[in-house]
Amino acid sequence: MTKEQVFEFVKKQKTAIISSVDSEGFPNTKAMLSPRKIDGNDFYFSTNTSSMRVAQYNADEKACIYFYKRGLFSYVGVMFVGTMQVLTEQSIKDEIWHAGDTMFYKEGKTDPDYCILKFSALRCRVYKDLKTAWIDL
């Protein structure tokens with residue numbers, strides 16, 4: 001896959017798997033909704049400021065995100081490694097906000113429990129057709 005094909009694939013996925021590192025150095029993984037925005041090699045997610053993941057990213061920015069599609073006879077997986085920043089600036093919160101987010105953030109865009117995770121990819125590994133390869137970003 002080319003870099004362009006990788007990003008087209010990612011844009012079609014409904015779920016992202018994100019990983020952080022805990023205080024003991026162990027990986028912690030969870031499913032998230034797809035990124036709210038992709039800008040170059042940066043992926044933006046919304047989450048709760050009070051979450052365990054935010055505390056982990058504040059302590060250690062190392063992160064990984066994974067996207068996959070499983071078919072009847074094929075599987076495609078894309079793993080990005082990079083860093084995750086926790087953003088609380090109102091301008092980015094306004095930009096990423098979606099209608100219906102008050103279900104998660106009762107006070108709306110200014111809810112103190114609403115923040116943005118910005119993942120900056122350093123490299124990418126693709127699994128497709130029983131082969132793996134690193135893709136330059």
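Begin by selecting Lys 37 and Tyr 44: Lys 37 stands opposite Tyr 44, which belongs to strand β4. The model is predicted, so local features need pLDDT of at least 70, side-chain atom pairs count only at pLDDT 80 or more, and totals for chains, interfaces and linings use all residues. Residues are numbered from 1 along each chain as its sequence is written, and side-chain values use heavy atoms, with hydrogens and water left out. Helices (H or I, at least four residues) and strands (E, at least two) are DSSP runs, numbered from the N terminus.

**The hairpin**

Next, select strand β3, residues 37–39, together with β4. The two strands run antiparallel and are joined by 3 bridges; strands are said to pair if DSSP finds at least two bridges between them. β3 and β4 form a hairpin with 2 residues between them. In the turn, Gly 40 has a positive phi of about 65°.

Now select residues 42–48, which make up β4. How enclosed is this strand? Of its 7 residues, 6 are buried, so β4 is largely enclosed by the rest of the structure. Buried means under 20% relative accessible area, exposed means over 50%, and partly exposed lies in between (1.4 Å probe, protein chains only).

**Helix α2**

Move on to helix α2, residues 52–59, and highlight its buried residues: Arg 53, Val 54, Gln 56 and Tyr 57. These cover an arc of only 160° around the axis, which puts them on the same side of α2; the arc is that of the directions from the helix axis to the C-beta atoms. The face turned away from this buried side carries the exposed residues Asn 58 and Ala 59. Which strands cover the buried residues? Among them are β1 (15–21), β2 (27–33), β4, β5 (62–70), β6 (75–87) and β7.

**The loop between β7 and β8**

Finally, select Asp 129, in the loop between β7 and β8 (131–135). Most residues other than glycine have a negative phi. Asp 129, although not a glycine, has a positive phi of about 55°. Asp 129 is exposed, with a relative accessible area of 54%.

Leu 130 lies in the loop between β7 and β8. Its phi is positive, about 65°, although Leu 130 is not a glycine. Leu 130 is exposed, with a relative accessible area of 74%.

Methods: Contact = heavy atoms within 4.5 Å.
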